[in-house]
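The sequence and the model are shown first, and the description follows.

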Amino acid sequence: MSQSNPQESKKLALTLNWKVTVFGLLLLPILMYLGFWQLDRADQKQQLLDQVAQQKQLPVVDGFPNDGSLQHRKIKLTGRFDQRKYWLLDNKVLRGRVGYEIVSPFILNNKSVALVNRGWVQAPPTRDKLPDVSIPKGDMTITGYLHQPTNNKMINNIERSIGWPKRIQKLDLSLLEHQFGQAFIQSHILRISATNSAALEVDWKIVNSSTAKHQGYAVQWFLMAAVLLIALIFANSNLAEVSGFKKNH
């Protein structure tokens, strides 16, 4: 009579490992939350991109609106650039090059003032030098898209320059109005279109990272959660022994 193999009769059994289980149960919901958070970020950015695409299909608005309801809408302004005053928005990188975005006051025909971001210029090799920026002269008509700048409270503007232009770290509109000596027409800024003669290098980003990147991050977090769950099963059972994993490794 043949004897039965002990491994053939071995059954799956639980062997609870409290330390590993507590650690895993604390970490697992965090990984799941991060995955769903990235999916939510992707959804928010896709909604924004859809909104911008819809706005771009609408006719051009003549004149600066009185509120921000037309954000990302293409508008047309007629006036002239201030020849003496403009700001250098610092730490702007374009295709791997460090530089500034040039923000200029644009004086409308009714004497009100709008802020226009003319685009990017490359920074000189040393910080003690500022780029040479030409300012268009005379009356002109420009087009662009309304943009609401974000106020990052972690970044501070430090006034060091006495004259103009002034180097700034963020678009703090209250500070800019104080420096310029006049209130602007509203809190939105016109990001100039690349086709304008007054435009510098223009490559406006609606979102900093694509929806696909956020979805990829979400997949990574969910995969980590799945790996953790499998590790918990192996740590709290004899599944590795039953499946022959220990023997093979």
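## Terms and overall content

A residue counts as buried when its relative accessible area is under 20%, as exposed when that area is over 50%, and as partly exposed in between. The structure described here is a predicted model.

The secondary structure of the protein chain consists of five helices and eight strands. Along the sequence, these elements follow the pattern α-β-β-β-β-β-β-β-α-β-α-α-α. The chain has 249 residues, of which 37% count as buried. Among its contacts with a separation of 6 or more, 68% are between residues 24 or more positions apart. The chain exposes about 15800 Å², and carbon and sulfur atoms supply 56% of that area.

## Helix 1 and helix 3

Helix 1 covers residues 18–56, and its 39 residues should span 57 Å at 1.5 Å a residue; the end C-alpha atoms are 58 Å apart, which agrees. Helix 3 has 25 residues, and the 36 Å from its first C-alpha to its last is close to the 36 Å expected at 1.5 Å a residue.

Which helix do the buried residues of helix 1 pack against? They pack against helix 3, residues 211–235, and the buried residues of helix 3 in turn pack against helix 1. On the side of helix 1, the buried residues are Thr21, Gly24, Leu28, Leu31, Gly35, Gln38, Ala42, Lys45, Val52 and Gln55. In helix 3 they are Thr211, His214, Ala218, Ala225, Leu228 and Leu232.

## A nonpolar surface patch

Leu16, Trp18, Val22 and Leu26 make a nonpolar surface patch of about 470 Å². Of these residues, Leu16 lies in the segment before helix 1.

## Salt bridges

How many salt bridges does a search of the whole structure find? The search finds four. In one of them, the side chains of Arg127 and Asp90 meet at 2.8 Å, N to O. Arg127 lies in the loop between strand 5 (113–122) and strand 6 (140–147), and Asp90 is in strand 3 (residues 87–94), so this pair ties together parts that are 37 residues apart in sequence. Arg127 counts as partly exposed because its relative accessibility is 48%, whereas Asp90, with a relative accessible area of 4%, is buried.

A salt bridge also joins the side chains of Arg95 and Asp203, at 4.0 Å from N to O. Arg95 is in the loop between strand 3 and strand 4 (97–108) and Asp203 in the loop between strand 8 and helix 3, so the pair ties together parts that are 108 residues apart in sequence. Arg95 is exposed because its relative accessible area is 59%; Asp203, at 32% relative accessibility, counts as partly exposed. Arg97 forms a salt bridge with Glu201, and their closest N and O atoms are 3.0 Å apart. This pair links distant parts of the chain, with Arg97 in strand 4 and Glu201 in the loop between strand 8 and helix 3, 104 residues apart. Arg97 counts as partly exposed at 26% relative accessibility, and Glu201 counts as partly exposed at 31%. Salt bridges that share partners join Arg95, Arg97, Glu201 and Asp203 into one network.

## A buried histidine

His188 lies in the loop between helix 2 (173–180) and strand 8 (189–192). Is His188 buried or exposed? Its relative accessibility is 7%, so His188 counts as buried. The side chains of His188 and Gln148 are joined by a polar contact of 3.3 Å.

## Backbone features

Most residues other than glycine have a negative phi, and most peptide bonds are trans. The peptide bond from Trp164 to Pro165 is cis, with omega near 0 degrees. Pro165 is found in the loop between strand 6 and strand 7 (166–168).

Arg95, which takes part in the salt bridge with Asp203, has a positive phi of about 50 degrees although it is not a glycine. Lys111 is also not a glycine, and its phi is positive at about 75 degrees. Lys111 lies in the loop between strand 4 and strand 5. With a relative accessible area of 55%, Lys111 is exposed.

Key: Residues are numbered from 1 along each chain as its sequence is written. This is a predicted model: local features need pLDDT of at least 70, side-chain atom pairs count only at pLDDT 80 or more; totals for chains, interfaces and linings use all residues. Side-chain values use heavy atoms; hydrogens and water are left out. Helices (H or I, at least four residues) and strands (E, at least two) are DSSP runs, numbered from the N terminus. The expected span of a helix is 1.5 Å times one less than its number of residues. Buried means under 20% relative accessible area, exposed over 50%, partly exposed in between (1.4 Å probe, protein chains only). Contact means heavy atoms within 4.5 Å. Patches are made of residues with over 30% relative accessible area and no salt bridge: like charges are joined within 9 Å, nonpolar side chains (Val, Leu, Ile, Met, Phe, Trp, Tyr) within 5 Å. Accessible areas come from the Shrake-Rupley method with a 1.4 Å probe; for residues, only the protein chains shown count as cover. A polar contact is a pair of N or O atoms within 3.5 Å; within protein, one must be able to donate a hydrogen and the other to accept it, and residues adjacent in sequence count only if both atoms are side-chain atoms.
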